[in-house]
Amino acid sequence: MRHTTQPGRWGGPWYRADLAELLSVSRATVYRVLEAARTHPRLRPRAGSDVLPYVYRVTKYDPADRDEHGSYVGTEPAFSDHGPVEAAYLQAVAAFAEATGVDQLAVREPEIGGFAHFGLEPPVDGYGLAGLFPAGLAGFHDGALVPTAVGLELVRAMLRDNGAWCRLEAEGAFAVHVGWDQYLYVGSSRPCEAALTRTRALGLFPESLERSPYDFAPEDPAYVQRPADADFWARLHWTVSAHRAVFLEEVFAANASRWHRLTRDNIEAVRSKLAPRSRLAVWPDLLTDVDTAMAALPDEGLVEVIWEDEDGRITSTVVDETQFEAVTSQLASARAAGVVSMYAGEGLPLFTAVLPDSDGVLHARWQTEPTPSDRDWAFLKTLRRGQVVTGTVTSIASFGVTFVDIGGFTAMINIPELSWRPFSHPSDIVSVGQEITAEVLDVDMVRERVPLSLRAVQEDPWPQVVQRIGQVVTGPVTKIMPFGVFVRIEEREDGFEGLVHSSELDESSEDVVEVGDALTVKIIDVDLARRRIALSHVQAPAANREPHD
């Protein structure tokens, strides 16, 4: 095994290091890196649904020089000769592309460099991409279309282990994957007999396989990556307004990111310059004074240090504990800095997303470790206004709002939505731990809020109250106000109350009535829209009085 990997923050940067550099890396870090190598997805066969019917492993290794376990025991070196053998590989790829009818390829899941490099060849400046993309490294992004000639140069860079890697694909027709130790996998929608003959003539050995071990498959097929759509940008604007400033991390290739400090004034300008299909992570404002940032460094482990120079430029670097002293001196002239853990599950951003294509469809296959906000977003996408849900009351706030857990998301019920009938406190209607059924009033994707209504799933008793207009009832006075008194017109604790305006009170009782007194009144009006009941004491003759319901 020539290479190793390190799982990274929110789903996936992996890192390499030259063995000669191990003395500059702590033993604990090396062990963490080596352990990660055993299970990293790029080092094991992957299952996927989009498999080309003709797949060949093309190598310089003669099958006759393999032991009973399939391991190569011949003398061919595990690195590129930068000469005729490398040229043979490239000619073989060109032959398969021609046989398939492909003249351009798409870059998929690009990766650049990293923290560690265990290759047999020294790292190359520019990762072997120099001159291949007019936009520089940012042009090496998912979905970038390149002519076959450029695709072959990318294959060359991967064969030489220059530090860049990607899948090269023509969807549904062709694929080229470069593996460790000069193993190359070509997939086609056609049998390509002429290309096979050409490959053998070049001195290489093509072997038929069911699939490439480097076929893409998601780590979690059930996980849906959030797209950077209108809802995402609306939430980002709202978050910037709430926090005044946030950081946007733009990852255009694994291990290659650009940081942007967002304010209300520059969001759209930054958005217009993002690389296509980038993975985006929104962080709170990470920057603080340099001394505070350096004090936050852990005792050991990988971290990304972000800093802002005197000109406002944002820079970042990945270091471990052996390099903390060096990076601290590097920040001497920085005006602010921040530290983010590189380990999955630590220091998660506020929320993440992936840029869709211009057609609005999310073609990128990146996956990130979902944040709590990302999980909430995925759940909210399943809800709709008017939907009836079941949940458990988790708390009742001091300001009266009731919080309900619905499938792991906390929804809310405002006081008016608890019941059609009057009550003094939410605890009169619900209790913590109680399971309830309620209706979704709205799904706010920007603020990630879901208001519910408990009363919406109950029968509305107010139409029945309307039918009682003209009735004369006797009920207790519940409140006395400067403009009149309230009287309960039903014989129950949560009975409806109506207002007897001062003008509708008998002059003889106006100054002597007290809370709790029984008062005979006539129901003279019910405002169904505003849920108000008008009563009259003077219009309720004693001869027509009847007990209240």
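A charge sits over a ring if NZ of Lys or CZ of Arg is within 6 Å of the ring centre and within 35 degrees of the ring normal. This is a predicted model, in which local features need pLDDT of at least 70 and side-chain atom pairs count only at pLDDT 80 or more, while totals for chains, interfaces and linings use all residues. Residues are numbered from 1 along each chain as its sequence is written, and side-chain values use heavy atoms, with hydrogens and water left out.

Q: What makes R455 a charge over the ring of W420?
A: The charged end of R455 is 4.4 Å from the centre of the W420 ring and sits over that ring. R279 is likewise placed over the face of W366, at 4.5 Å from the ring centre.

Q: Why is C166 called buried?
A: Buried means under 20% relative accessible area, exposed over 50%, and partly exposed in between (1.4 Å probe, protein chains only). C166 has 0% relative accessibility, so C166 counts as buried. C192, at 5%, is buried as well.

Q: How many disulfides are there?
A: A disulfide is a pair of cysteine sulfur atoms within 2.5 Å. By this rule the count is zero.

Q: What makes Y61 and Y183 a tilted pair?
A: Rings of Phe, Tyr and Trp (its six-membered ring) pair if their centres lie within 6.5 Å; planes under 30 degrees apart count as stacked, over 60 as edge-to-face and the rest as tilted. The search of the whole structure gives 12 aromatic pairs. In one of them, Y61 and Y183 have centres 5.2 Å apart and planes at 35°, which makes the pair tilted. Y61 is in the loop between β1 (54–59) and α2 (84–100), and Y183 is in the loop between β5 (174–178) and β6 (184–188), 122 residues apart. Helices (H or I, at least four residues) and strands (E, at least two) are DSSP runs, numbered from the N terminus. Both Y61 and Y183 are buried.

Q: Why is the pair of W259 and W283 called tilted?
A: The ring centres of W259 and W283 are 6.1 Å apart and the planes meet at 45°, so this pair is tilted. W259 belongs to strand β9 (residues 256–262) and W283 to strand β10 (residues 279–284).

Q: How do you know that the buried residues of α9 line one face of the helix?
A: In α9 (residues 372–380), S373, D374, W377 and L380 are buried. Their directions fall within an arc of 125° seen down the axis, so they line one face. The arc is taken from the directions from the helix axis to the C-beta atoms.
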